[in-house]
Amino acid sequence: MKPIARSLFTATFGAALTAGMLTAGMLTASSTPVLAQQPGSVITVATIGEPPTLDPVGVTADLVSIITQHVFETLFTFDAEWKPVPLLASALPQVSADGKSYTIPLRSGVTFHDGSAMTADDVVASLERWTKLSPRGKSAAAMIEGIAAKDGTSVVITLKEPYAPLIALLAMNNGAAVVVPKAVIDGANPLKALTGTGPYKLLEHKPDQYIRLVRHDGYASPPGAASGYGGKREAKIGEVRFVPVPNAATRVSGVLAGQYQFADSLPAEMQSRFKTTPNVKPVIVKPFGFPLMIMNTKTGVLANPKLRAAILQAVTPGDMMLAGFGDPAFIANEGSIYGPGTVYYDAASAKAYTQQDPKKAADAAKAAGYKGEPIRIMTSTQYDFLYKMSLVAQAQLQAAGFTVDLQVLDWATLLQRRGDEKAWDSFFTYHTFVPEPSLITVLNPSYPGWWDSPAKREALAAFNREQDPAARKQKWVTLQSLFYSEVPTIKVGDFYNLAAATDKLKGYTPTPWPFFWNAELAN
């Protein structure tokens with residue numbers, strides 16, 4: 001099967017809940033499975049660190065998505081060509097002629113990990129929770145008139161006006177509209193239990209040590225051939241164990257030594273080490289995503305758009321990309337948010353990406369009223385490439401006369417602190433490729449950075465209302481033009497992800513958010 005992200009390019013964030021609130025102690029005895037003991041039944045996956053939560057609704061962090069997509073499921077998901085397909089729904093929605101009513105039929109025979117059957121009431125309660133807690137759900141909530149069960153077999157979402165991104169939002173696996181039993185929902189509080197419908201269920205969570213997921217023997221797979229995240233899901237591996245390994249070099253040495261069977265998010269320069277190790281193979285997802293330098297548009301020194309524009313002039317994205325990845329084969333210096341070959345590619349509106357000039361940046365900063373206030377930039381060594389990029393940005397900003405306070409944090413702390421508008425001015429992160437522009441987190445006014453100007457709000461609403469593909473492209477150009485004129489964020493470029501796996505891992509499909517159903521470990 002072809003990698004999911006590649007097929008896209010050829011074809012076409014809420015309260016954060018801490019992991020400590022949702023630990024293994026919340027599991028009931030009845031949910032504890034018998035572990036498979038046969039050889040090869042356990043895969044150990046080295047991740048970049050400890051997730052801030054195991055509830056995928058309130059955050060848009062990829063680390064959370066990677067783990068929790070095995071446990072929780074959404075009504076829809078994406079196939080290998082990034083088209084929405086049913087998951088817990090039995091079919092795509094029936095949409096009314098005016099585009100304001102979506103009737104979603106539900107699959108029968110789906111059970112939660114506690115043995116209870118999924119009902120329309122569970123779906124309604126879960127979607128209502130999503131609209132209140134998820135950064136993605138909150139953006140949809142403004143368009144939703146109501147969510148109701150119909151005949152016990154379907155759910156109807158009624159909109160105030162046509163809203164083209166709805167199905168893509170319901171299909172995303174971060175900030176995700178996951179379905180859980182109504183009984184475990186307690187308003188805006190943490191879930192009473194981490195109970196999902198997925199092919200794996202949570203057995204044990206020891207923060208900063210491991211998360212153990214085990215096969216859900218009562219799992220009801222969606223029909224059809226496996227395609228991307230869609231179609232048949234089979235838990236062939238008995239246990240998936242996620243181990244936080246913040247140091248990238250340690251992840252590499254661990255997978256080479258056989259301590260881990262899969263290691264994610266590795267420095268590009270490490271690829272050569274796998275070429276001389278016959279039992280370990282590199283896993284490359286190409287294309288994968290784009291690093292971002294997010295700026296605080298709400299509070300502090302960078303609330304001034306003229307100063308943000310000066311910062312864009314001061315930093316050279318190409319230098320940051322090369323520093324971050326080392327190997328030019330893993331990067332593309334691309335300013336358009338969607339690259340060449342995609343529907344939404346537009347170079348003209350991204351021209352400012354290549355117009356760096358430190359002298360002009362210094363003059364622009366002075367004209368904007370900058371008086372040397374520290375620019376507080378958050379970064380983390382757990383994503384090695386982001387840390388290296390932040391060092392380049394620091395040096396280039398200082399060369400243009402800015403004062404920089406570079407704060408190096410662990411990733412969980414960065415995710416937590418970015419929700420405090422008074423705690424930072426900028427932070428480095430990355431965004432995995434998404435097929436629908438409205439899924440890009442920086443467009444969401446509730447996402448840290450809080451970009452919400454009147455012009456952007458009007459342009460985004462017009463884009464989301466539009467149903468015609470050609471007209472949507474033109475409205476997207478308007479949005480990207482605002483992205484470069486108001487500079488809420490700097491897109492650093494495009495990059496490809498390097499992971500590594502044992503050669504005993506069979507049937508694995510390279511994807512932006514790695515999953516391990518349908519894969520198996522050969523003896």
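Figure 1. W450 lies in the loop between β16 (426-432) and α13 (454-465); helices (H or I, at least four residues) and strands (E, at least two) are DSSP runs, numbered from the N terminus. The model is predicted: local features need pLDDT of at least 70, side-chain atom pairs count only at pLDDT 80 or more, and totals for chains, interfaces and linings use all residues. Residues are numbered from 1 along each chain as its sequence is written, and side-chain values use heavy atoms, with hydrogens and water left out. W450 has a phi near 55 degrees, a positive value in a residue other than glycine. Most residues other than glycine have a negative phi. With a relative accessibility of 13%, W450 counts as buried (under 20% relative accessible area; exposed is over 50% and partly exposed in between, with a 1.4 Å probe and protein chains only). V442 is also found in the loop between β16 and α13, and its relative accessibility of 8% makes it buried. Leaving aside neighbours within four places in sequence, V442 is in contact (heavy atoms within 4.5 Å) with L292, I294, Y447, W451, F483 and T489. Between the C-alpha atoms of V442 and V255, which are 187 residues apart along the chain, the separation is 34 Å.

**Figure 2. S265 in the loop between β11 and α7.** The loop that contains S265 runs between β11 (262-263) and α7 (271-275). Phi of S265 is near 55 degrees, a positive value in a residue other than glycine. The relative accessible area of S265 is 10%, and the residue is therefore buried.

**Figure 3. Surroundings of F330.** F330 occupies the loop between α9 (317-325) and β13 (331-332). With a relative accessible area of 4%, F330 is buried. Its contacts, neighbours within four places in sequence left aside, are A268, Q271, I284, D494, F495, Y496 and L498. F330 and Q480 are 150 residues apart in sequence, and their C-alpha atoms are 24 Å apart in space.

**Figure 4. D55 in the loop between β1 and α2.** D55 is placed between β1 (42-47) and α2 (62-68). The relative accessible area of D55 is 1%, so this residue is buried. From C-alpha to C-alpha, D55 and M293 are 26 Å apart in space and 238 residues apart in sequence.

**Figure 5. The largest nonpolar core and L170.** A nonpolar core is a set of buried Ala, Val, Leu, Ile, Met, Phe, Trp, Tyr and Cys residues joined through side-chain atoms within 4.5 Å. The largest one has 168 residues, of which L75, I157, L170, F262, F402 and L505 touch the most other members. Strand β12 (residues 280-295) gives the most to this core, with nine residues. Apart from neighbours within four places in sequence, L170 is in contact with T74, L75, F76, I104, L127, W130, I157 and A177.

**Figure 6. The whole protein as context for the close-up views.** The protein has 14 helices and 20 strands. Its radius of gyration is 22 Å, close to the 24 Å from the globule rule for 523 residues, so the protein is as compact as a globular protein of that length; the radius is taken over C-alpha atoms, and the rule is 2.2 Å times the number of residues to the power 0.38. The C-alpha trace spans about 65 × 60 × 40 Å along its principal axes. Of the 523 residues, 60% count as buried.
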